[in-house]
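Please read this report beside the sequence and the model shown below.

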Amino acid sequence: MSSIDQPLTLACGQTLPNRLMKAGLSEQLSDRDHAPTGQLERLYDRWGRSGCALTITGNVTVDRLHMAEPRNVAIEDGRDRDQLCRWARAAKRGGTHIWVQLNHPGRQANPLAGRTRPVAPSDVALAIPGAPRPRALTAREIEATIRRFATAAAVVKDCGFDGVQLHGAHGYLISQFLSPLANRRNDDWGGDLERRMRFPIEVLRAVRAAVGDRFPVGIKLNSADFQRGGFTEDESEKVVTRLAAEQIDLIEISGGTFERPAMMGSIARQSTRDREAYFLTYAERVREHAGDVPLAVTGGFRSRTAMDRALAEGACDIVGIGRPLCIDPQAAQRLLDNAGHHAAAGTPRIAARSLLGRIVDLHAADALLDIQWHTDQIHRMSNGLDPDPDRPWWFSIMTTVRRNGLAAIPRPRRRG
């Protein structure tokens, strides 16, 4: 009978002292040149003492020209080695294992942040009003992007981090290659699923070659895009089977995209909410296809009872938590110490809904507000302050515009 306080040894030999993982949350705390800052060190010094055995960073991009948010960290080479080393040391002081989440946003890049046209498998824009149409990558650029992931992973290892996670979910570039909606190529990088999954497999192999056999490499994968004609659970199941045949240490299950934010629980059924984890049913389905590769499930977990039940039933091997750690940076330790603890997360909602619903898409606005409200809490901790659970929703709208510009505001819905 597994529980959250039991250790887990990965295939590479790294042993995690418990089954709790701080999931990746985009921090937006780099300097203007996308190097780590003292704010990141303070934040991860605190999160490193949260009680989680494994801590995953937020988006670290492999290309400075393509940024998901204006102040994401970028790793292209060893130019920021000193700052990266300090970041790793700060996180590890509390005993956690710290993995860097490597990512390329693809068509979800913020053009104001990267100041260049987004790129993607195909020139298909996001189904969001005002989203720019990306430029399709050439075959040579695809191969160069694969090398970028490998180079970044080698730098991460050299700087003292404990592992890397490839972000293959939530509609970012790896996820875009897997999606038949975003990937409409008819060459060796698109078409049927076998060719669409080539990019993530080649990225994984290149990263493994760059870091060796004893350095942990994981991936975050969508269970589905939850869009008609998009990446499906059946396809995801086949990808898991292929990944399990490679040298991979952990598969984290999530789901959704910017267009359909299932990772926020916005489309979860009540029966799913009762079990707390949004993607647990899929994890149970795919468990046999993962073989001996541990599965992590993130999204919705709040009580130790539900976490221990999921582990005991074999649905997953690691429980990921994110937003609760933005409200209470000691949430994981409280779960370990108290079987009855409930790790709450803030649930801000825009007011005056009947009026504002005529102006903005409230579904998208609520998801955006939730992300930015929790980002505000992250920034408070990075400045040495405690989280503020009573922070008003409208204040987070203001900080969203300050961080990301007016392009961050959801556009009016088309009518008729």
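The sections below go from the whole chain to single residues.

## Basis and overall make-up

This is a predicted model, in which local features need pLDDT of at least 70, side-chain atom pairs count only at pLDDT 80 or more, and totals for chains, interfaces and linings use all residues. Residues are numbered from 1 along each chain as its sequence is written, and side-chain values use heavy atoms, with hydrogens and water left out.

The protein has 16 helices and 13 strands, where helices (H or I, at least four residues) and strands (E, at least two) are DSSP runs numbered from the N terminus. Of its 416 residues, 61% count as buried; buried means under 20% relative accessible area, exposed over 50% and partly exposed in between, with a 1.4 Å probe and protein chains only. Among contacts in the protein with a separation of 6 or more, 70% join residues 24 or more positions apart, contact meaning heavy atoms within 4.5 Å.

## Packing of α4 on α7

Helix α4 (residues 139-158) and helix α7 (residues 198-211) have axes that come within 8 Å and cross at roughly 35 degrees; such axes are lines fitted to C-alpha atoms, for helices over the stretch in contact, and the angles run from 0 to 180 degrees between N-to-C directions. The crossing of α4 with α7 is right-handed, that is, the near helix is turned clockwise from the far one by less than a right angle.

On the α4 side the contact includes Ile-142, Phe-149 and Lys-157, and on the α7 side it includes Phe-199, Glu-202 and Val-211. The residues of this contact divide into twelve nonpolar, one polar and two charged, where Ala, Val, Leu, Ile, Met, Phe, Trp, Tyr, Cys and Pro count as nonpolar, Asp, Glu, Lys and Arg as charged, and the others, Gly among them, as polar.

## Salt bridges

The structure holds 31 salt bridges, each a side-chain nitrogen of Lys or Arg within 4 Å of a carboxyl oxygen of Asp or Glu. One of them joins Glu-194 to Arg-242, with the closest N and O atoms 2.6 Å apart; because Glu-194 lies in helix α6 (residues 193-196) and Arg-242 in helix α8 (residues 233-244), the pair ties together parts that are 48 residues apart in sequence. Glu-194 is partly exposed at 48% relative accessible area, and Arg-242 is also partly exposed, at 25%.

A salt bridge between Arg-208 and Asp-249 has an N to O distance of 2.9 Å, and since Arg-208 lies in helix α7 and Asp-249 in the loop between α8 and β11 (250-254), this pair ties together parts 41 residues apart in sequence. Arg-208 is buried at 8%, as is Asp-249 at 2%. Finally, Asp-63, Arg-64, Glu-76, Asp-77, Arg-79, Asp-80 and Arg-148 are linked in a network of salt bridges.

## Leu-54 in strand β4

Leu-54 belongs to strand β4 (residues 54-61) and is buried, with a relative accessible area of 1%. Leaving aside neighbours within four places in sequence, the residues in contact with Leu-54 include Leu-16, Met-21, Trp-99 and Leu-250. The C-alpha atoms of Leu-54 and Gly-320 are separated by 9.1 Å, although these residues are 266 residues apart along the chain.
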